[in-house]
Amino acid sequence: MSMTMSEKILAKASNKSSSEAGEIVMANIDVAMTHDLTGPLSVESFRKIGTEKVWDPSKIVIPFDHQVPADSLDAANNHIIMREFVKEQGIENFYDVNEGVCHQILPELGHVVPGEVIVGTDSHTCTHGALGAFATGIGSTDMAMVFSTGQLWFKVPETIRFNIEGDLNENVYAKDVVLNIIGKVGADGATYKACEFTGETVSNMSVSDRMVLCNMAIEMGGKTGLVEPDDKTLNYVKARSNKPFEVFKTDLDAPSLEIIDIDVTNLEPQIACPHNVDNVKPVSEVDKEIDQVFLGSCTNGRISDLRQAAKILKGNKIANGVRMLVIPASKEVYTKALNEGLINIFVDSGALVCNPCCGPCLGGHVGLIGPGEVSLSTSNRNFKGRQGSPEGEVYLSSAAVAASSAIEGKIVAPK
């Protein structure tokens, strides 16, 4: 029987020879991630179930990233709840306030390999599909069931395979590609579907760039995002993990597969305008002054993003009246940026460099915008109130556009 990647992975996880879209399966979970913001509700629900011990503490990963360091008594209490749970349950993979954003550190630290089923109490868990895993966000109460049993039911999704072809122009990046796709299909264009990214353009991308594509699959309604593993994937994984794994690839004659061809040959930098991620326009059609630039997040806070921004900012100053936050996605990224002299470039340009964390992305930590203010962000969502006041505006872009715009004081393409 011909199957997609998702169908094959879920079949294996549910101890079946095959699965098909629309079928309900009970899958064994390989990695379960919860963090400081959603974790306390998972712990509360776990205790209500009455199970004394988690099914397998070695398969649970708990990073602190959303409110680190704690910025309120509520955040501090959440941290205490999770630290006590980690100690009580003997959870080995615990990363306190100094490690970084969950979706960056899981692959960095070897917790993600191809062919696994990975769940997290965060909607952007789909990022990990860039390494060929079936990864998806779940609710905190669902995570309590995973903690108790190591299993969770899924409806096997249909698949949209985005076949992306063409050489990207200078200063056009993976963020522009995925924003363009979201603008074409709409915020609900891939509802509960697995979004596969393939084609020559994707093959030429680094693993980090593929993470950008998969990270934003949820922004078009996708259940997960995936890239078929290749040599780049395997080299990345083998350098970081000693876990055994199995590679799955889609059969092109699978009944549940839809293929959409995307030509990016003439693509220019893209901007997602308020207040929806699918409100996408070429940067040449956007003329907007800005108050703040946020470079970071699980979408574009990687070392490649910081290098792109530093190349543009070097020798330049951020415009008067504009503040820029640079937040590396992990301690590893921060250390590389420090060793390469990128931090000096950011500081000299007038930017504020913060510790690895989610920053203003969730609208509940550092760097919020006020009423009437405009943020240009390299993150993944621009809904009302996403980065502070619901009367503010959030635009989304690549790191290169963000850096150029910080210098000019308005949204512009890199020169």
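# Briefing on a predicted model with two open parallel sheets

E3 and E4 pair in the parallel sense, over 3 bridges. The model is a predicted one. E3 and E4 belong to an open sheet of 5 strands with parallel pairing. A second open sheet has 4 strands, again with parallel pairing.

- Strand E4 (93-95) and strand E6 (134-137) are the edge strands, and each pairs on one side only.
- On average, neighbouring strands in this sheet are turned by 15° against each other, direction ignored.

**Helix H5 and its surroundings**

- Helix H5 covers residues 140-149, and its buried residues are Ser140, Met143, Ala144, Val146, Phe147 and Ser148.
- These buried residues pack against four strands named here in turn: strand E2 (31-33), strand E3 (60-63), strand E5 (117-120) and strand E7 (151-155).
- The buried residues of H5 also pack against helix H2 (39-49) and helix H3 (73-89).

- Strand E8 (residues 158-165) pairs with E11 in the parallel sense over 7 bridges.
- Ile164 stands opposite Ile262 in E11.
- Helix H1 (residues 5-13) packs on this sheet and touches E8, strand E9 (193-198) and E10. The direction of H1 makes about 110° with that of E10.
- Helix H6 (residues 174-185) lies across E8, E9 and E11, and runs at about 125° to E8.

**Helices H8 and H9**

- Two packed helices are described by the angle between their axes and the distance between the axes.
- For helix H8 (residues 207-215) and helix H9 (residues 231-240), the axes come within 10 Å and cross at roughly 100°.
- H8 and H9 are therefore roughly perpendicular to each other.
- In this contact, Val207, Arg210 and Met211 of H8 meet Lys232, Thr233 and Tyr236 of H9.
- The contact residues comprise 3 nonpolar, 1 polar and 2 charged.
- H8 is largely enclosed by the rest of the structure, because 8 of its 9 residues are buried.
- The buried residues of H8 are Val207, Asp209, Arg210, Met211, Val212, Leu213, Cys214 and Asn215.

**Cysteines**

- The count of disulfides is 0, with a pair of cysteine sulfur atoms required to lie within 2.5 Å.
- Cys214 has its closest cysteine sulfur in Cys126, at 7.4 Å, which is too far for a bond.
- Cys214 is buried, and its relative accessible area is 0%.
- Cys354 is in no disulfide either, as the nearest cysteine sulfur, that of Cys357, is 6.5 Å away.
- Cys354 is buried, with a relative accessible area of 14%.

**Backbone features**

- Most residues other than glycine have a negative phi, and most peptide bonds are trans.
- A cis peptide bond runs from Val68 to Pro69, with omega near -10°. Pro69 is in the loop between E3 and H3.
- Another cis peptide bond runs from Pro274 to His275, with omega near -5°. His275 is in the loop between strand E12 (270-272) and strand E13 (280-282).
- Tyr192 is not a glycine, yet has a positive phi, near 50°. Tyr192 is in the loop between H6 and E9, and at 27% relative accessibility counts as partly exposed.
- Ser297 is not a glycine either, and has a positive phi of about 90°. Ser297 is in helix H10 (residues 297-300) and is buried, with a relative accessible area of 2%.

How values were computed: Residues are numbered from 1 along each chain as its sequence is written. This is a predicted model: local features need pLDDT of at least 70, side-chain atom pairs count only at pLDDT 80 or more; totals for chains, interfaces and linings use all residues. Side-chain values use heavy atoms; hydrogens and water are left out. Axes are lines fitted to C-alpha atoms, for helices over the stretch in contact, and angles run from 0 to 180 degrees between N-to-C directions. Angles under 35 degrees count as roughly parallel, over 145 as roughly antiparallel, 65 to 115 as roughly perpendicular and the rest as oblique. Contact means heavy atoms within 4.5 Å. Ala, Val, Leu, Ile, Met, Phe, Trp, Tyr, Cys and Pro count as nonpolar, Asp, Glu, Lys and Arg as charged, and the others, Gly among them, as polar. Buried means under 20% relative accessible area, exposed over 50%, partly exposed in between (1.4 Å probe, protein chains only). Two strands pair if DSSP finds at least two bridges between them.
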